[in-house]
Amino acid sequence: MGDYHEFTDQYKVPVIAKLLHALPHYNITFHKINSTFRPNDEIYLESLGILGSVPAALLIVSLLGLLFYLMTRCCDRKPRPAHSITSLKVALSIVTVMCCAAIGLGLYGNDDLHNGLLEVLTAGRKVDNLVTTIRNQTHILENTLTNRIRPQLVELADIFDQPVSNQTALSKLFVSLNIVQGNVTLATNAASDIRRPLMGISMTHFLTRGDQWELIRWPGTVATLALLLVLCAVLLVGVARHSRCALILFSVCGLLAVTGSWLMSGLYLSSSVAVGDLCISPADFLVSTAPRDLPTNVLLHYTQCEPGHTNPFTQRLRESQNSLNNARSAMATVMKISLVLFKSSGLQPKLGAVNADLNSSERLLTQLTALVDCKAVHHNFLAAARGLCEGGLLGLVLMLIASFIAAILLTIMVWVDSHTWIYIRKRNDYAQVDEPSYISHPAPQNHQQMMNAARTLPRNHNGHFSPPVISGSHTLQHPSKRQQHEMMAHAHIQQNMRAMGTHTLGRLPSHNHSPTHMTGPNNGKYATLSKQCKTLEANDFY
């Protein structure tokens, strides 16, 4: 049977169950009701629904707050500096990491709850198998006593009706035969009394549904929390890569995540309170749901298994065993007398069959005595109660805390994310810095100086500025470095003058000459319009 706890090992209510049970239970009219676990009571279920609606109310408040926030920010087009966006991204990353930690806590709690429920299902399956074995054994015993021994005793009684010379011995034979029949009837009734209350006990349907539900719940919860982790990863990638699309995607999916987290919080809160109420007195709940044929004292005896209590099943089995012992003693007398009185009737096989069936019934009773002992059932009851109320309830509370924290953090993440992606448009919105000029040159000091410089530039016959000529030569030579600077200065001034739309006042006298031939006043220097005009030198442009 294995090693079981001592009789002094009893179920103790966990502290967390007491705290959950202490939460007030109110009905729809806000009247406090009894917090005893009653899953079939509509008022009790109503109180659990009211407790579960608290996170739903927080969901509505958070969604309204987010709506008002977006209404105030949707029309804000003011560019933000880069350092403010960076602060938002750092805050968003920190809150996202905290949310991932909360989701990890939920995964840990889900594993604890799964292990606790598996212990409940395993213990329940053991008890169900034990009850089935006892029921089958009592059925075999009852069938042996009723369908095999009784017909054989009737056949023996018919044989003993034959006339014999010794009436005193015959009378004693019938008395012993009647004792055998009476004790067999007592043993049959005792076996029937044991089997009858067990007929209504069957946990197969409950265990099957529990296995199916847990087969869906555990991987479904893991998948849901994994999706939340993926969503957090998308947000971190969007923050790291400055991706506006990723942040907008999180804003949309984050609303669904916030809604799901708050709804899961409500479900976990109602479930935790219900399990806490159950764990206050699981034995009383079993008594309330037990079949009517099963006496209350029998169920309490198996859930408590105290040494001072007498097992009703054991008492009935002992009565049956005593009856079989009396039947065997009386059967020995019947064999002794009948073999003397009826030597030629072939009684030996029939008497041997009756004794064999009595021995088989006695062995069944011995097995049943060990099966109905309260230690095995009490051990499984403690395993189920502790698995649900210690490990399972702790895991459920961890999932409640994780979903509550995740819902708050996801709400904050959606707010901060919405505040961030609204201001992510173009990179030049954050730092609008004028690009430096690749060619730097000093501008003229004023408009008057530019006009004076324009008047002194040579023009061709079309009115455009002519390139400067090199003095002292009728042949075009390679320009020196200084002359190259002068040409660049002339080109720059010509460009500025075109932009300003300024016109010159006359033509240069050298417009009719070839570019290789340089004649004119000032010995080849820049032509002027009058003697009062100053000749432009290279230093005027640098």
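Q: Where does cysteine 305 lie in this predicted model, in terms of the helices around it?
A: In this predicted model, cysteine 305 sits in the loop that runs between helix H8 (296-304) and helix H9 (312-341).

Q: Which other residue has a positive phi although it is not a glycine, and where does it lie?
A: Phenylalanine 30, with a positive phi of about 60°, is not a glycine either, and it is found in the loop between helix H1 (15-21) and helix H2 (42-73).

Q: How do you know whether H9 and helix H10 (residues 347-371) are roughly parallel or antiparallel?
A: The two axes come within 10 Å and cross at roughly 165°; angles over 145 degrees count as roughly antiparallel, and H9 and H10 are therefore described as roughly antiparallel to each other. The residues of this contact divide into 13 nonpolar, ten polar and two charged, and H9 passes H10 in a left-handed crossing.

Q: What makes up the largest nonpolar core, and which residues have the most contacts inside it?
A: This core has 51 residues, and those with the most contacts inside it are Ile134, Leu153, Leu156, Phe160, Val184, Met331 and Leu358. At least two residues of the core come from each of helix H3 (82-159), helix H4 (167-198), H8, H9, H10 and helix H11 (374-421), while H3 gives the most, with eleven residues.

Q: Which residues does the "transmembrane region" annotation cover, and how do you know what structure residues 48-70 and 216-239 have in the model?
A: According to the unreviewed UniProt entry, the annotation "transmembrane region" covers residues 48-70, 90-109, 216-239, 246-268 and 393-416. In the model, residues 48-70 are 100% helix and 0% strand, with end C-alpha atoms lying 34 Å apart, and residues 216-239 are likewise 100% helix and 0% strand, with end C-alpha atoms 35 Å apart.

Definitions and conventions: Residues numbered from 1 in each chain as written. Predicted model: local features only at pLDDT ≥ 70, side-chain atom pairs only at ≥ 80, totals over all residues. Heavy atoms only, no water. Helix = DSSP H or I, 4+ residues; strand = E, 2+ residues; numbered from the N terminus. UniProt positions renumbered as here; feature names shortened; annotations may be inferred. Axes fitted to C-alpha atoms, helices over the stretch in contact; angles between N-to-C directions. Parallel < 35°, antiparallel > 145°, perpendicular 65-115°, else oblique. Left-handed = near helix turned anticlockwise from the far one by under 90°. Nonpolar A, V, L, I, M, F, W, Y, C, P; charged D, E, K, R; others polar. Core = buried A, V, L, I, M, F, W, Y, C linked by side-chain atoms within 4.5 Å. Buried < 20%, exposed > 50% of the residue type's maximum accessible area, 1.4 Å probe, protein only.
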